[in-house]
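Biologist: I would like to go through this model with you, a few features at a time. Shall we begin once the structure is on the screen?

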Amino acid sequence: MSDSHIYLDNSAATRLDERVLEAMTPYFFDTYAVATSQFGYTLGVEAKDALDNARASLAARLGAKPEELVFTSGATESSNMAVKGAAHALSKKGKHLVTSKIEDFPVLNSMRTLEREGFEVTYLSTDATGLVDLDELRHALTPGTVLVSIQSANQEIGTAQDTPAIAALCHEHGVLLHIDATHSFPRMPLDVSKTPVDLVTISGEMIHGPKGCGALYIRTGTTFTKWMDGGFQEFNLRAGTENIPGAIGFAKAVELITPAETAGLAAMRDNTIARLLAIPNSQLNGHPTLRLPQNANVSFRFVEGEAITLHMDMRGFAVSTGSACFSRALEASHVILGIGGNHERAHGSVRLSFGRYNAPEDGIRAAEALTEIIDRLRAISPLGKD
Amino acid sequence: MPLPYSELVMEHFQHPHNVGRIENPDAKAIEGSPACGDMVAVYLQVDPNTLSITDIKFESYGCASNIATGSIITDMAIGKTLEEAKQITWKQASDALGGLPPIKTHCSVLAVDGLRAAIQNYEEKHGLAAEKEPTTLEVVQRRLKHVMNPAVGLDIIRTKLVKSVDIADGVIRIVIDMEPDNQFAGNIREEITEKLAHLWDVVSVSVEFESS
């Protein structure tokens, strides 16, 4: 990778912050023991204390109690655990689940697995900006509904849902609510002591923390099935030797997120979007204001996204697209299709996601490069000329 | 560069040959659609005496493989007779590009189909084409040879993914040997439908997935 590389795919993975690595390092080389009870040996007790501190620090940021937070191997595991754990635990009460069409794959594919097991799933549509309609959600709830899973913000188009309103509605109907907050936590506010959500997926991977460490918030009293069999780790819900360096790194990464940094990302996002929308025949994907501070996503007509990303890569920019040709399954973005967009809009979509290591002008430079590339690809396209 | 494309693919992608339109072409064809994510337009100028291609241009709405294949195949076709140009296969185009990643072969097939469709357009206009061909089992199988199995980059006939084909009163029912939740099931369904649904005597196409 050359020095001039500009990384704008921070909603896929992020560069680790050195301060996170520094916080983690002693737990690889010095305090590497497993967490033991207070009757164990010194190294193990120290490891346990470190894990407890990381848990307490993360819980405080969410407004949760430490014992309500279970560490996992990341967002995918947390969402699998939340959706399947709650559905299985409550299957005697009912077998109906509700989610949205634009959820990320861990939730969506967990729902599909549960359908094959005999659950019934309602997939809510959204409006053209990606917002779930509260009335539609209300109508979807039946006496047999046991779980609603609606993300707090979208991975691709950035739209942020009205979580407090969704939570109030579910609470009123006595239905459990899972929130996938992978992309919003802790950059957007979520306080579980005020908002009645029952399960929350969080992860450190998108905020310059280590890969392979996330957590699931489980509100005290939530009926839940044990997720992994083995030892009695994580309150006997998720067995497996604790990833203590990961937990420390995750907590440190969250600690380093500041409102000032988030405001800087939002400014970069707004400048970039304004420049991209100046390109003719372009369209914003997602909500104009209710969106992740780090996310810009725009579709360009008459051109295909894989060709765009490849041209961007040759100019040193890493961006992503909802085009089928970019996807491992060769399928167009289910998010763009889910908000009512057509295949052409999905194929011509480009996502830029910002992070701590972007300079303020990175978005502008990317927009300049995109302007030129789109011009060039339109020149050879059979579309848009008549 | 750690990209999965050969240097030749990258060269043709960045600087495609024979790009653009021919005004008042002797023949033209468009294959694919914005919905399927790839679309190619091919324009031909043909010498009526020798029936050879004197000029050819293409336009692409598509990914790098599609653009590069459009570029190489127009290079290959120019100067050839229509009969010779018809024989150009996607495999030859792919080989001439130094190979394409398996998952990208369907994009190169589209460019080849575009060339063949343009030739067919010329033949139809000049009374060189045969009568409208009924869609028989053989026609379906021939067209299915242009649907790729993205996992390996070979067609679904050769990789034995087609379990059965039934044709009755214009209704085609195809069963693919694959789990319904296979990563590529959606893509294969789309590609098959695209290859068959527009044929003149086809009413509907259904694609089912059953793993044996």
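Biologist: Leaving aside its neighbours within four places in sequence, which residues is A:Ala13 in contact with?

Modeller: Please keep in mind that this is a predicted model. Beyond those sequence neighbours, A:Ala13 contacts A:Tyr7, A:Glu205, A:Met206 and A:Lys211.

Biologist: Where does A:Ala13 sit in the chain?

Modeller: A:Ala13 belongs to the loop that joins strand S1 (6-7) to helix H1 (18-24) of chain A.

Biologist: And how many residues apart in sequence are A:Ala13 and A:Glu205?

Modeller: They are 192 residues apart in sequence, yet their C-alpha atoms are 6.2 Å apart in space.

Biologist: Let us turn to the sheet of 7 strands in chain A. What is the strand order?

Modeller: The order is S2-S8-S7-S6-S5-S3-S4, in an open sheet with mixed pairing. At the edges are strand S2 (69-72) and strand S4 (120-124) of chain A, each of which pairs on one side only. From one strand to the next, the twist averages 20°.

Biologist: In what sense do S5 and S6 of chain A pair, parallel or antiparallel?

Modeller: Strand S5 (residues 145-149) and strand S6 (residues 176-180) of chain A are parallel, paired over 3 bridges. Within this part of the sheet, A:Leu147 is placed opposite A:Leu176 of S6(A).

Biologist: Which strands does helix H3 of chain A lie across?

Modeller: Helix H3 (residues 42-62) lies across S2, strand S7 (199-203) and strand S8 (214-218) of chain A. Its direction is at about 115° to that of S2(A).

Biologist: Is the peptide bond from A:Phe185 to A:Pro186 cis or trans?

Modeller: That bond is cis, and its omega is near -5°. A:Pro186 is located in the loop between S6 and S7 of chain A. As background, most peptide bonds are trans.

Biologist: What about the backbone at A:Asn236, is phi positive or negative?

Modeller: Phi of A:Asn236 is positive, near 65°, and the residue is not a glycine. A:Asn236 is part of helix H8 (residues 233-237) of chain A. In general, most residues other than glycine have a negative phi.

Biologist: On to the other chain. What is the order of the 3 strands in the open sheet of chain B?

Modeller: The order is S6-S7-S8, again with a mixed pairing. Strand S6 (162-168) and strand S8 (204-209) of chain B are at the edges with a single partner strand each, so one side of each has no neighbour in the sheet. Ignoring direction, neighbouring strands of this sheet are turned by 15° against each other on average.

Biologist: Over how many bridges do S7 and S8 of chain B pair?

Modeller: Strand S7 (residues 171-176) of chain B and S8(B) pair over 6 bridges, in the parallel sense. Here B:Val171 is found opposite B:Ser204 in S8(B).

Biologist: Now the interface. How many residues of each chain are in contact?

Modeller: In chain A, 26 residues are in contact with 35 residues of chain B. The two chains bury about 2,500 Å² between them, and 62% of that is on carbon and sulfur atoms. A:Leu330, A:Ile380 and A:Pro382 supply 26% of the area that chain A buries against chain B, more than any other three residues.

Biologist: How many salt bridges and polar contacts are found across the interface of chain A and chain B?

Modeller: There are 2 salt bridges across the interface. A:Glu306 and B:Lys104 meet through their side chains in a salt bridge, at 3.1 Å from N to O. For polar contact, 8 residue pairs are found.

Biologist: And which elements of chain A give two or more residues to that side?

Modeller: Those elements are helix H11 (305-314), helix H13 (343-347) and helix H14 (362-379) of chain A. H11(A) provides the largest share, 6 residues. By type, the residues on the side of chain A that touches chain B are 12 nonpolar, 4 polar and 10 charged.

Terms used: Residues numbered from 1 in each chain as written. Chains lettered and ligands numbered in written order. Predicted model: local features only at pLDDT ≥ 70, side-chain atom pairs only at ≥ 80, totals over all residues. Heavy atoms only, no water. Pairing = 2+ DSSP bridges. Helix = DSSP H or I, 4+ residues; strand = E, 2+ residues; numbered from the N terminus. Axes fitted to C-alpha atoms, helices over the stretch in contact; angles between N-to-C directions. Contact = heavy atoms within 4.5 Å. Buried area = accessible area lost by both parts, 1.4 Å probe. Salt bridge = Lys/Arg side-chain N within 4 Å of Asp/Glu carboxyl O. Polar contact = N/O pair within 3.5 Å; in protein donor to acceptor, adjacent residues only side chain to side chain. Nonpolar A, V, L, I, M, F, W, Y, C, P; charged D, E, K, R; others polar.
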